[in-house]
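Here is a friendly briefing on a metal site and the nonpolar packing around a protein fold. Have a look at the model first, then read on.

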Amino acid sequence: MKIDAIFLRELNLPLVKPFQTSFGVTKDRRVVLAEVHSEGLVGWGECTAGEHPHFSEESVDSCWQVIVDELGPTLAACEPENGGEVPRLLGLVRGNRMAKATLENAIWDLEAQRVGISLSELLGGTRERIPCGVSIGIQSSIAETLEVVGREVAAGYQRIKLKCKPGWDVEVFERVRHRFPEITLSCDANSAYRLKDADHLATFDQFDLLMVEQPLWADDFYFHSMLQKRLDTAICLDESIRNRRDALAAIEMESCRIINIKLGRVGGFSEAIAVHNAAYERGIPVWCGGMLESGIGRSHNIALSSLPNFTLPGDVSASKRYWTEDIIEPEVTVTSAGEIEISQEPGRGYAVKTDLVERLTVRKEEIRARITVA
Ligand code: OSB
Ligand code: MG
């Protein structure tokens, strides 16, 4: 496909309410979108990097720089046949996976539109609807947490994940489990613990959690494998899994029993499918993580979640939990059974509200082709 133009935009999108993890609070999202024009069609990509390099080394500003100066000009000079070719075209740049995913995913979006099939079908999706869970940030009190959990359970969500950290864990789990004995519950530490906390982490076993997500260092497999031996509860790795080889290492070392797949974290759809397949072949279930995405990233997550090994509820939830008005139409809605229906329309299945995107744009840059010689 011929690339006619690439625009990169930054939007300012205030969250409906602040989201707190073990590494900080997010109030307003700075959403970077790539808009790739090709032969009359427009493919969209969303950058999932945070405002600060806390979840990973990448941030909104690092991605902006790498896309504008490196990845964008390279891609604009190519004529990729499909999304699957993009990792090779951008391979000269090391790392920077969230930046790469922003562009690669836009090409997959274009490809689905060109072929005239849904993005889900293009990716190899097999589900008509996907099970949904929610990630609940650290609240100011346990009473408030109980209220939020109650609201999400009533809305139908199939799994509740509580963000945790030292000092905000067992007491919270205890009260939530006591009030909601039957719900599927998990927790996510975003690497807030150390191996010396193993005895403490083992006390989480009494709460019948579906998993403990990323308890230790973001770059670790070995200490997670030591910890997994001491827990009955399954460890799920998020931050640690950057690609298929990481998934293979983690599975081989028994560092986890479940894998969270995030498009940005692994560098785009190609690698996400590779991680999915590697886990599938080895009997390790996966689920789709979230990064407080706008409707564009959210629609990509929905399509990805339709692949067969996404058997556990993902952190893919309704637009209204994050935004007063999402930038897509229709907005993402979740049924009372806690499911999202997969669109069978060509492409993403959610139209971009271009006028709203334009109004929310705080910076925009057109990227021109540049031939890079290795
Ligand atoms: O670790 O899953 C995570 C949000 C920002 C950074 C990291 C994570 C999260 C979430 C939110 O848990 C998931 C979502 O609802 O988008
Ligand atoms: Mg996580």
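Donors here are N, O and S atoms within 2.8 Å of the metal (3.2 Å for Na, K and Ca); water is not among the atoms, so sites may look incomplete. This is a predicted model, in which local features need pLDDT of at least 70, side-chain atom pairs count only at pLDDT 80 or more, and totals for chains, interfaces and linings use all residues. Residues are numbered from 1 along each chain as its sequence is written, and side-chain values use heavy atoms, with hydrogens and water left out.

**Magnesium site**
- The magnesium ion (ligand 2) has D188 (OD), E213 (OE) and D238 (OD) as its protein donors, at 2.1 to 2.3 Å.
- Along the sequence, these donor residues follow the spacing D-x24-E-x24-D.
- D188 sits in strand 7 (residues 185-188) and E213 in strand 8 (residues 212-213), so the pair ties together parts 25 residues apart in sequence; strands (E, at least two residues) and helices (H or I, at least four) are DSSP runs, numbered from the N terminus.
- D188 is buried, with a relative accessible area of 1%, and E213 is buried at 0%; buried means under 20% relative accessible area (1.4 Å probe, protein chains only).

**Nonpolar cores**
- A nonpolar core is a set of buried Ala, Val, Leu, Ile, Met, Phe, Trp, Tyr and Cys residues joined through side-chain atoms within 4.5 Å.
- The largest one has 85 residues, and L162, V176, I259 and I340 have the most contacts inside it.
- Helix 11 (residues 269-281) gives this core its largest share, five residues.
- A second, separate core has 32 residues, among them L8, V68, A76 and L89.

Terms used:
Chains lettered and ligands numbered in written order. Buried < 20%, exposed > 50% of the residue type's maximum accessible area, 1.4 Å probe, protein only.
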